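Here is a short report on one chain.

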Amino acid sequence: MKKAFILATTAAAALGLAACSDNAQQESAEAANAMAADTEATMGEAADDIESATDSALGSAEAGIDQAGQSIENGADATGRAVGDTMSEAGQEMQEAGNDVAN
């Protein structure tokens, strides 16, 4: 895109230069070069800004996914402990009931 803009600017400058004096042609060429350099710098800054914003967004998404995974793991651990405790209590109750029947 920037090459197309520079080419179009250069072409427009060249057409304007055809009817101008050497001094005016030089000034026009310098102005066109300055505009092209400014355009290129602006586009470079925009690309850097986009890359930075993308990196930041991906970092935030990764942190969110990590936290969700940790929450799921914590919930699964708690559920496993609760099931284990419940089964242990049920086993004790069954053993006591068996003892009561035997006596």
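Of the chain's 103 residues, 6% count as buried. The model is predicted. Its accessible surface comes to about 8100 Å². Carbon and sulfur atoms account for 58% of that area.

The secondary structure consists of two helices and zero strands. Helix H2 runs over residues 22–102. Its dimensions are set out below.

| Item for helix H2 | Value |
|---|---|
| Length | 81 residues |
| Span, first C-alpha to last | 119 Å |

Which residues of H2 are buried? They are Ala32, Ala36 and Thr39. An α-helix has 3.6 residues a turn, so residues three or four places apart point the same way.

Charge is the next topic. A patch of negative charge lies on the surface. Glu45, Asp48, Asp49, Glu51 and Asp55 gather there. Asp55 is found in helix H2. Is Asp55 buried or partly exposed? Asp55 counts as partly exposed because its relative accessibility is 48%, and the partly exposed class lies between under 20% for buried and over 50% for exposed.

Definitions and conventions:
Residues are numbered from 1 along each chain as its sequence is written. This is a predicted model: local features need pLDDT of at least 70, side-chain atom pairs count only at pLDDT 80 or more; totals for chains, interfaces and linings use all residues. Side-chain values use heavy atoms; hydrogens and water are left out. Helices (H or I, at least four residues) and strands (E, at least two) are DSSP runs, numbered from the N terminus. The expected span of a helix is 1.5 Å times one less than its number of residues. Buried means under 20% relative accessible area, exposed over 50%, partly exposed in between (1.4 Å probe, protein chains only). Accessible areas come from the Shrake-Rupley method with a 1.4 Å probe; for residues, only the protein chains shown count as cover. Patches are made of residues with over 30% relative accessible area and no salt bridge: like charges are joined within 9 Å, nonpolar side chains (Val, Leu, Ile, Met, Phe, Trp, Tyr) within 5 Å. A salt bridge is a side-chain nitrogen of Lys or Arg within 4 Å of a carboxyl oxygen of Asp or Glu. Lys and Arg count as positive and Asp and Glu as negative; His and the chain ends are not counted. The place of a charge is taken as NZ of Lys, CZ of Arg, CG of Asp or CD of Glu.
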